[in-house]
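Subject: Structure handover

Hello,

I am passing this structure on to you. Please open it and keep it beside this message as you read.

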Amino acid sequence: MDEQAFVTLLEHVLTPDTNIVKAATHALRQDYYTKPESLLALLHVVTAHSNPQFRQLAAVEARSLVPKFWGGKKGPKVAPELKQQIRDTLLQSTIAEENSLVRHSSARVISAIAKIDLANGEWTNLPQFLSHAATSAKATDREVGVYILYTLLETLEEAVSDRSQEFFALFSQTINDQESAAVRLNTLLALGKMAEYLVGDQDPLAVNAFRNVLPQMVNVLKDLVNNNDEEKANQAFEVFQTLLIVDPALTANHFKDLVQFMIELASAKNVSDDFRSKAISFLLSCLRYKRMKMQAMKFGEQLTLRALEIVTEFKEEDDADDMNPSRSALSLLDYLSASLPPSQVIVPLLKVLPSYVQSPSPEYRKAAVLGLGMCVEGAPEFVATQIHFILPTVLNLLVDPELKVRQAALHTIARLADDLPEEIGKEHSKLIPAFISLLDSSDGLDIWKATCNAVDAVFVGIDKEEVANYLPELMPRLSRMFQQEDLNLKGAAVAAIGSTASSAKDLFMPYFQDTMGALLPFAHGKNSEAELDLRGIIMDAMTGISESVGREAFTSFVTNLMDAAYEALNLGHPRLKETSFMFFSAMARVYEEDFGPFMEKVLNSLFESLDQEETDMDDDEINEALQVTSVGASGSSKAPVESVVIDLSGSGDEEDMDEEDVWDELTAVNAVALEKEVAAEVMGEVLANCPRGYLPYLSKTVDILTQKLQHPYEGVRKAAVSTLWRAYTTFWTFSEEQGQMQKWVPGLPLAVQPTEDLMNFGALVMTATVKLLKDEHDRSTVTEICRNIAETLKLCGPAIISASQAVEEICAQIQIILRKQHTCQLDLEEEEEEEQPDLQESAEYDWILIDTAMDVSLGLAAALGPAYRELFTLFEKPILKYASSSESTERNTSVGVIADSIRYMEASCTQYTPQLMKVLLHRLSDEDPETKSNAAYAVGLLCLKSQNAQETLKYYNTILQKLEPLLQIQHHRLLDNACGCLARMIMAHPEAIPISDVLPQLVQQLPLKEDFDENAPIYEMFVQLYKASNQVVFNLTPQLALVFAQVLSPPKEQLNPETRRQLVELIKFIHSKDTSVLASYPNLVQIASS
């Protein structure tokens, strides 16, 4: 091999000329990197060349060739007699190397060789040599020795398990090196790498040694922060991030102190913003990976208040894309509210809110309202209970003298409306006039844009009838905002118009033509990034506009907009692709089966999206991230090396890639992954609205979505599994409607046999879902799985669980969730045998998961009917435990689950009568009205369905005593359920009820105002009493006639068809006995005469 020609080609690689680089790269790959001599030549450059840039490049390339030519199983290799000399020379040159980049790359070459040699019983003296170097009197020797050990630890797990005590003895000295910060940092890196391999129960001595050295590891980070050494400190922060995902035994003794240190660091105003943001990032990771531990240690309140204080430092001039402590603190508040119970986050925030909003400092007022907005999404149900306090505070800040405070208040109103649309929509009379005033103000673009965003969010929760009052005033102002030159303001105005149209429905028609005339030209804009952004917002708004005016009015614009959407798919703008997909879903909803002509092109675009490769980094970004060093003439600007240089050998050995920053980028959620999530969701919309036209594409859809259940991004997995279940329910319903099968019947084996295609489809969906459910670590995805299973069982019955083991596997997973032991409910890497803290409270999203798991149990009950009694045994204990929780939401939900379980089991609930009655009687006196209401419903069902009359009758007097005060409470749902309970008790055992006392009191509460489902037992009870010739009910006929007239009047939803039929028959019976009783009620007379 011509070594001089080889070196010349390397020199060409480092020139700034792209064409020369590509030519040299091709030549190296084709002519040199297929021969073992190329590795020798590279190693010679590493150890002997005078130019550090060449040595650096050669080291990077040599490392990629080592697996191929040093110890490869096939092809030519480096001659054995040359290896020892190479090892010695490489070690000596690395220790002597003055350039840190070259030194580190050369060390990684050594570790690549050692990985092969040590496995083959060669170079066995290397660890001892490095240990001597690490304790040398010369600082550079120590630095290199420890660094090479670190690189060895990256690749040789066996080295840790075999020599852990030796390493800890060495590192406990080097971590305290008084002369060299590099030695201390390299030791920290090495200890972090060891932590990845250590397992507590396998090596308790090593775990104890690690615990002992952990405080010194923290001291290394402290020193780096104090010395403002950003590069080294960033590496140290990464080590501590890693410690959150290793064996928890390693950090258990010091975890609380470590968190407190990071809290103090994040709050330290005299420290670099970058360090503070890194500390907040660590705290965010604690909430992600150690959430239960953070909750048990009650860090929530301190973190909330510290984060709020940091938000007061918000600087308006900061770039919105830069992550500074204030923005990081807002993210922390968001994550806190979703991860910890309200008592640790929202409650302490609301306690300090008055002092913040009354502060003379606008920064504090702004921080208060921004912080409040960030906490809404994580705990919407609790925030809804506090809206009476929150909204007046926010409204007051809308008229704050400081523009930035008003703007922040608008942002928070938008966030409140996003998560609490109904609650905020009810306050329209206070909000919309304020918005109109702000649109009329001279506050400028930022306020106008924020106001439009608030309108966009708030109108989602306003009823059509109320929207009509605001259209004449609001639409001209939004149109005026759209006519402004600023494209961002145009976008905000368009979004507001779309939301307004969606809420106004057909009332938007007077504004439709003018709006379309104004928006359409911008639906094709593509001359700048800002125009593309606006184009996406316009397409998004078109979804609301199209659904408001309907297919007939929108038809003349469909082709134009569909063409714009198709074109947008190829404009290289991720947001545009997503909005195009969403527009397709809106057209499917509007046109239903008439969407057919667009189906093939639309679905092909969705398939193409889901099939594409993923990386969010283009070549230039990869080049920059993997840049070897600065090249070109001395003093010139840096020229990045072409990406083809990174692995010129083409070996593709991923294990040898050590550029963590690039790997992190490649594995992070990227734009393509987010696009795939939307594509999968839109598939669900299209198939649900156009099932007949979708049938030819169903097989391909199922194949693709099943593959996406293994996608690394949870959003794609969640969308894929949801759409699979939606497809099953859609085509089940379609088959029923087409007469291909009868309505399902509860129970197994199946009484009604579905089509073969549906059975196969159901088996596929269930198998894939159970596999995902067992290992899924994302809480929201598990919640979505449970929600889909529950809804499908209730809608489609037992067919999907008829396959062998399906019921057992689902029940097993639901039991695990109810015990809070599912993978997604545990801190990362927690050992099964390690005791989890018994937390009395749940974050709202934690409880939503358990709630949906309970709903799966009800889905099983609906699908199996009376046979569910065998499964209820599995769920009874945790459900009854939740029924006695200190949290009202948990009691309310679980009592409701008990009630519906009784309803589905019918008489087979009998065996559970004693234990259920005991719990339900207690809950009839609950302080929470919703729990009490559900308890009344459940008690009535138990009395009616249970055949253990001896058990139920002995509690009748107690139940009546508990129900009597409920009939005096003006809480409609509670009152309605109490009435329903009485009716069921009378139907079950009329002889056990003092009907002459109870019935008049019951009639006084009628008709029901809210829970119309309870009308069924009430009027069936009256029918039963009339049939039994009960004199009390006959005497009450005049009063009942008024009630009957009301429930047989609109709204029709007051009575189900069967109850209505029975009541009509009763009206005719009463009329036949005495025509005068009904004479005052024309609708009853008409019914009686029909």
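This is a predicted model: local features need pLDDT of at least 70, side-chain atom pairs count only at pLDDT 80 or more; totals for chains, interfaces and linings use all residues.

Residues are numbered from 1 along each chain as its sequence is written, and side-chain values use heavy atoms, with hydrogens and water left out.

**Helix pairs**

Start with helix α26 (residues 464–482) and helix α28 (residues 509–519). Their axes are 12 Å apart and the packing angle is about 10°. That angle makes α26 roughly parallel to α28. From α26, the contact uses L471, P472, M475 and F482. From α28, it uses Y511, T515, A518 and L519. By class, this contact has seven nonpolar residues, one polar and no charged.

Helices are DSSP runs (H or I, at least four residues), as are strands (E, at least two), and both are numbered from the N terminus. Axes are lines fitted to C-alpha atoms, for helices over the stretch in contact, and angles run from 0 to 180 degrees between N-to-C directions. Roughly parallel means under 35 degrees, roughly antiparallel over 145, roughly perpendicular 65 to 115, and oblique the rest. Contact means heavy atoms within 4.5 Å. Nonpolar covers Ala, Val, Leu, Ile, Met, Phe, Trp, Tyr, Cys and Pro; charged covers Asp, Glu, Lys and Arg; polar covers the others, Gly among them.

Next, look at helix α40 (residues 806–818) and helix α42 (residues 869–883). They pack at an angle of about 15°, with axes 10 Å apart. So α40 is roughly parallel to α42. The crossing of α40 past α42 is left-handed (the near helix is turned anticlockwise from the far one by less than a right angle; clockwise would be right-handed). On the α40 side, V807, C811, I814, Q815 and L818 make the contact. They meet L871, L874, F875, P878 and Y882 of α42. The contact has nine nonpolar residues, one polar and no charged.

R891, V895, I898 and I902 of α43 meet L916, L920 and R923 of α44. By class, the contact has five nonpolar, no polar and two charged residues.

**Buried residues**

Q56 sits in helix α4 (residues 52–69). Its relative accessibility is 6%, so Q56 counts as buried (under 20% relative accessible area; exposed is over 50%, partly exposed in between, with a 1.4 Å probe and protein chains only). A polar atom of the Q56 side chain lies 3.5 Å from the backbone nitrogen of V102.

L438 belongs to helix α24 (residues 428–439). At 7% relative accessibility, L438 is buried. Leaving out residues up to four places away in sequence, L438 touches L398, L410, D443, I447, W448 and T451. R406 and L438 are 32 residues apart in sequence, and their C-alpha atoms are 9.5 Å apart in space.

S722 is in helix α37 (residues 714–737). With a relative accessibility of 19%, S722 counts as buried. Again leaving out residues up to four places away in sequence, S722 touches E784 and N788.

**Backbone details**

One joins L748 and P749, with omega about 0°. P749 is in the loop between α37 and α38 (756–775). Another runs from P1050 to P1051, with omega near 5°. P1051 lies in the loop between α52 (1037–1047) and α53 (1057–1073).

Then check two phi values. K505 is not a glycine, yet its phi is positive, about 55°. K505 is in the loop between α27 (487–504) and α28. At 42% relative accessibility, K505 is partly exposed. E906, also a residue other than glycine, has a positive phi near 55°. E906 lies in the loop between α43 and α44. Its relative accessibility is 38%, so E906 counts as partly exposed.

Best wishes

Definitions and conventions:
A polar contact is a pair of N or O atoms within 3.5 Å; within protein, one must be able to donate a hydrogen and the other to accept it, and residues adjacent in sequence count only if both atoms are side-chain atoms.
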